Amino acid sequence: MKPGTAIQQIEKRSMSKPDEKRTFNKGKVELVTLGDVTLGRATFEPGWKWSTCVKPIAKTASCEAPHLQYHVSGRIHVVMDDGTEQEFGPGDVSLIPSGHDSWVVGDEPVVLIDITGLTEYAKGT
């Protein structure tokens, strides 16, 4: 081992016992941190829309969190501030820059795993 190299140890965590859980209108996020990476699971119920359910907490014009996500179930529609639109469903991987609105499509809850954007999500100011 090189001098000054930190010893890394194997870690195991469970999303069934998250470090932090935030609930909001028609949704929740559950966060687990390993090392310096926070992984989040988001669940959005039918009728959830960022601009009506999270915007009152975030107090920003649109979602400013950039997201790298794996979509487990349900469908979500995203509209960027510039008007670009995309819909994501089970098995999709998405990269969504800051500056967007999104909402659940249909009657199935959306469940997704977010690698970059939930650390401060729906935390308020």
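The model is predicted, so local features need pLDDT of at least 70, side-chain atom pairs count only at pLDDT 80 or more, and totals for chains, interfaces and linings use all residues. Residues are numbered from 1 along each chain as its sequence is written, and side-chain values use heavy atoms, with hydrogens and water left out.

**Overall build**

- The protein chain has two helices and nine strands. Helices (H or I, at least four residues) and strands (E, at least two) are DSSP runs, numbered from the N terminus.
- Read from the N terminus, the order of elements is β-β-β-α-α-β-β-β-β-β-β.
- The C-alpha trace spans about 50 × 30 × 30 Å along its principal axes.
- The protein chain has 125 residues, and 38% of them count as buried. Buried means under 20% relative accessible area, exposed means over 50%, and partly exposed lies in between (1.4 Å probe, protein chains only).

**The cavity**

- Rolling a probe the size of a water molecule over the atoms shows where empty space is left.
- The search uses a 1 Å grid over the protein atoms alone. A cavity is a set of points where a 1.4 Å probe fits but cannot get out. A pocket is an open set with protein on both sides within 12 Å along at least five of seven lines. Lining residues have an atom within 4 Å of a point.
- Grid points are joined across faces, edges and corners, and a volume is the space filled by probe spheres set on the points.
- The structure holds one cavity of 30 Å³ or more. The largest cavity has a volume of about 90 Å³.
- Its lining has 15 residues, and Phe44, His67, Gln69, His100 and Ser102 lie nearest the centre. Strand E3 (37-44), strand E4 (67-73), strand E5 (75-80) and strand E8 (100-105) each give two or more residues to this lining.
- The cavity lining divides into 11 nonpolar residues, four polar and no charged. Here Ala, Val, Leu, Ile, Met, Phe, Trp, Tyr, Cys and Pro count as nonpolar, Asp, Glu, Lys and Arg as charged, and the others, Gly among them, as polar.

**The largest pocket**

- The largest pocket holds about 200 Å³ of space.
- It is lined by 14 residues; Ala58, Glu64, Glu120, Tyr121 and Ala122 lie nearest its centre.
- Its lining divides into eight nonpolar, three polar and three charged residues.

**Positive phi**

- Most residues other than glycine have a negative phi.
- Ala122 has a positive phi near 55°. Ala122 is found in the segment after strand E9 (110-114). Its relative accessible area is 14%, so Ala122 is buried.
- Lys26 also has a positive phi, about 60°, and is not a glycine. Lys26 lies in the loop between strand E1 (20-24) and strand E2 (27-34). Its relative accessibility is 38%, so Lys26 counts as partly exposed.

**Helix H2**

- Ile57 lies in helix H2 (residues 55-58). At 24% relative accessibility, Ile57 counts as partly exposed.
- Ile57 and Phe24 are 33 residues apart along the chain, and their C-alpha atoms are separated by 8.6 Å.
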